[in-house]
Amino acid sequence: MATITIRGPSGLTFPISTRLFINNNFAPALSGQTLDILSPASGGHLATVAAAQSDDVDAAVKAAHNAYRTLWRDVLPAKRGELLHKLADLIERDADELATLESVDAGILFMDSKGLHVPQAIETLRYFAGWADKISGQALHIPNGIAYTKRESLGVCAAIVPWNAPLMITIWKLAPAIAAGNTLIIKPPELCPLYAQKLAALIVEAGFPPGVINIVCGTGPQAGQAIAEQKGIKKLAFTGSSAVGRQILKASANSNLKKVTLELGGKGPSIVFSDADIENALLWTSIGITANNGQICAAGSRIYVHASIYEDFLRGFTARCSNAVHGDPLLSETTKGPVISEGQHAKIMSYVEKGKASGARLLHGGESLGGQYIANTAFADVKDDDIIMKEEIFGPVAAVAKFDSEAEVIAKANDTEYGLGAAIFTNDVNRAHRVASAIEAGQVTVNSWGTLHANTPFGGVKESGFGRDMGEEALDEWTSTKVVKFNILPSREESVSAKL
Ligand code: NAD
């Protein structure tokens, strides 16, 4: 079927396409291949969508290349900003539909998608819409002349997106890429691509010319790998696991050395000092590992608490994490939905078993609730080398440990291959600055966790990757700098008199 009907809350129904989106056309994969999409809540069949292969990726690159060469690179920057604003307006208008799609397809709570993910996508579109006509260079003095720099678009670019916050992460790439004058190919996650079908319809309605934005759903090893190897693509922005990030780098090296940015995994520390506002720390540390079922790259999955408040903190933490209402993510009374897939459920539960086997103290949870539902789980007294303290679980599983000194907890926090997000809870402003400086991470929050703003850069250090989404820095990732140097010749009279 070329379209299917989606049902949301309060009787909402709407159609979406199930096809690839290339050159503003919805079409089946050239090979006719399809993918079955399953509901995280019920495990049942939700949709069958076209599955792009390398020939579809080639067609998308051709369309994006034509659009770039014949039109888009010469479109006035203010016009690009206008189109991004228009897309933001349409996403705002259809927020319920997009939130429904993230909910039924990815298991994200409808209220989280509508209250956080969709507004963040809109904020990001508007932020970069404002940048479109303000991307500028410098004038530089050189001997006998002047040089100026221009920040130029790269051409055909691509974005590969994971399943945990698909709309928001797609827009983190789309907005700066388009503002900077590139054309784009997006590969949504194969586990939950339906949001991207709606996005494609809004791209057409917003008035983007054919080929400027193309969306090709497909599996990682097929569509994803084909994008990574495609020689016509000049830049690839990837968000996903560190393992796949490595494959992307190899594919770039083996093809055309396309520019790559990687937003990868994390094992974020949340550090609670004895002088912290404890209720505030409990609020944010519990949200930091239970929101979106812990399926967040910047999750605060390692929680370090000062020894003097440790047992009190544990009691408060368990109280906050144990009252989740599990159920259909579309319903307003549900506070915790299913994890994305059977495979993710099995992976998380295998870590829960490793936690139990390690001898750590199980504070709460530790069980599957049937289907793809998992109870919020926390282990206390977790040792530095325990697997659940080391590896990214990407589920609602906290590893908690105590510490005695600032130096000790900084060493523990940095004892990881990752460096994405970190949170510090303290009322001592000097300590907050000292520890924020010492932590190896791309983002540190003080007295909160995981806040996202379109004007602040987001990304990692160490094996959490390189490059930044959002903020002014993101524009650097989607442009290259050209310098033009003028050797200013002396006037004719001056050169004649110099020769005499
Ligand atoms: P994943 O790496 O399995 O998949 C991410 C995307 O890559 C998907 O679209 C997938 O189809 C594609 N892919 C898979 N194999 C590929 C290949 N060989 N070539 C090209 N593309 C390929 O990750 P996931 O399971 O979807 O997401 C979870 C991971 O993403 C976690 O590690 C999480 O920390 C990370 N993540 C990071 C951020 C961030 O901003 N740093 C945000 C969200 C998720």
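1. N292 is not a glycine, yet its phi is positive, at about 50°. With a relative accessible area of 14%, N292 is buried; the scale used here calls a residue buried under 20% relative accessible area, exposed over 50% and partly exposed in between, with a 1.4 Å probe and protein chains only.

2. Before going on, please keep in mind that this is a predicted model, in which local features need pLDDT of at least 70 and side-chain atom pairs count only at pLDDT 80 or more, while totals for chains, interfaces and linings use all residues. Residues are numbered from 1 along each chain as its sequence is written, and side-chain values use heavy atoms, with hydrogens and water left out.

3. Another positive phi in a residue other than glycine belongs to N144, where the value is near 60°. N144 lies in the loop between β7 (139-142) and β8 (145-153). Is N144 buried or exposed? Its relative accessibility is 61%, so N144 counts as exposed.

4. How many salt bridges does a search of the whole structure find? The total is 28, where a salt bridge is a side-chain nitrogen of Lys or Arg within 4 Å of a carboxyl oxygen of Asp or Glu. Some residues are linked in a network of these bridges: R93, D94, E97, K198 and E205.

5. E463 and R246 join their side chains in a salt bridge, with 3.0 Å from N to O. This pair links distant parts of the chain, as E463 is in the loop between β20 (443-446) and β21 (465-466) and R246 is in helix α8 (residues 242-254), 217 residues apart. Partly exposed describes E463, at 33% relative accessibility, and also R246, at 45%.

6. The salt bridge of E82 with K79 has an N to O distance of 3.3 Å. These two residues are 3 apart in helix α2 (residues 77-93), so about one helical turn separates them. E82 is partly exposed at 49% relative accessible area, and K79 is partly exposed at 38%.

7. In the salt bridge between K383 and D386 (3.8 Å, N to O), K383 is partly exposed at 47% relative accessibility, whereas D386 is buried at 10%.

8. Next, have a look at helix α3 (residues 95-106) and helix α4 (residues 110-131), which pack at an angle of about 120° with their axes 8 Å apart. Axes are lines fitted to C-alpha atoms, for helices over the stretch in contact, and angles run from 0 to 180 degrees between N-to-C directions. The helices α3 and α4 are therefore oblique to each other; angles under 35 degrees count as roughly parallel, over 145 as roughly antiparallel, 65 to 115 as roughly perpendicular, and the rest as oblique.

9. Which residues of α3 and α4 meet? A95, D96, L98, A99, T100, E102 and S103 in α3 are in contact with F110, S113, K114, H117 and V118 in α4, contact being heavy atoms within 4.5 Å.

10. Finally, A60 in helix α1 (residues 54-70) is buried, with a relative accessible area of 0%. Leaving out residues up to four places away in sequence, A60 touches I22, I185, N214 and V216.

Terms used
Helices (H or I, at least four residues) and strands (E, at least two) are DSSP runs, numbered from the N terminus.
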